Amino acid sequence: MDVVIRGSGEVVDANGNRRSFKEGDYIFIPEGEYHQHVNTRGEPLWLLWCYSPQGYLPKD
């Protein structure tokens, strides 16, 4: 789950579908689901990511 602390944008799924989000929203991303956060404004985008159970970041 992601919580939008500041800013707004869109989350894009594997099929190119886009959903808008704004400050105060939360976004649930199922395990293993491809997604990308896109900042659509000229201000910083702050997200709080919560993983449960333990998640792993992709390797470079």
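Me: What pLDDT does the protein chain average, and how many of the residues score at least 70?
Reply: pLDDT is the predictor's confidence in each residue, from 0 to 100. In this model, which is predicted, the protein chain averages a pLDDT of 89, and 97% of the residues score at least 70. Residues are numbered from 1 along each chain as its sequence is written, and side-chain values use heavy atoms, with hydrogens and water left out. Because this is a predicted model, local features need pLDDT of at least 70 and side-chain atom pairs count only at pLDDT 80 or more, while totals for chains, interfaces and linings use all residues.

Me: How many helices and strands does the protein chain have?
Reply: Both are DSSP runs numbered from the N terminus: helices are H or I with at least four residues, strands are E with at least two. The protein chain has 0 helices and 6 strands, so from the N terminus on its elements read β-β-β-β-β-β.

Me: In which strand is confidence lowest, and in which is it highest?
Reply: Confidence is lowest in strand 4, with a mean of 92, and highest in strand 3, at 96.

Me: What is the order of the strands in the open sheet?
Reply: Strands of a sheet pair through backbone hydrogen bonds, either parallel or antiparallel. Here an open sheet of 3 strands has the order 4-1-6, and its pairing is antiparallel. Strand 4 and strand 6 (46–49) are the edge strands, each pairing on one side only. Two strands count as paired if DSSP finds at least two bridges between them. Strand 1 (residues 2–6) and strand 4 run antiparallel and are joined by 2 bridges. Within this pair, aspartate 2 stands opposite isoleucine 27 in strand 4.

Me: Where is proline 44 placed, and what does it touch?
Reply: Proline 44 lies in the loop between strand 5 and strand 6. Its relative accessible area is 42%, and therefore proline 44 is partly exposed (buried means under 20%, exposed over 50%, partly exposed in between, with a 1.4 Å probe and protein chains only). Contact means heavy atoms within 4.5 Å. Not counting residues up to four places away in sequence, proline 44 touches Arg6, Gly7 and Asn39. The C-alpha atoms of proline 44 and valine 4 are separated by 11 Å, though the two residues are 40 residues apart along the chain.

Me: What share of the 60 residues of the protein chain counts as buried?
Reply: Of the 60 residues, 18% count as buried. Among contacts with a separation of 6 or more, 51% come from residues 24 or more positions apart. The C-alpha atoms fill a box of roughly 30 × 25 × 25 Å, taken along the principal axes.

Me: What volume does the largest pocket have, and which residues are closest to its centre?
Reply: On a 1 Å grid over the protein atoms alone, a pocket is an open set of points where a 1.4 Å probe fits, with protein on both sides within 12 Å along at least five of seven lines; lining residues have an atom within 4 Å of a point. Grid points are joined across faces, edges and corners, and a volume is the space filled by probe spheres set on the points. The largest pocket has a volume of about 690 Å³. Of its 22 lining residues, Ile29, Glu31, Gly32, His35 and Tyr51 are the closest to its centre. Strand 5 (residues 35–39) gives the largest share of this lining, 3 residues.

Me: Which strand supplies the largest share of the lining of the second largest pocket?
Reply: Strand 3 does, with 4 residues. The second largest pocket has a volume of about 220 Å³, and of the 17 residues that line it, Val11, Arg19, Ile27, Phe28 and Ile29 are the closest to its centre.
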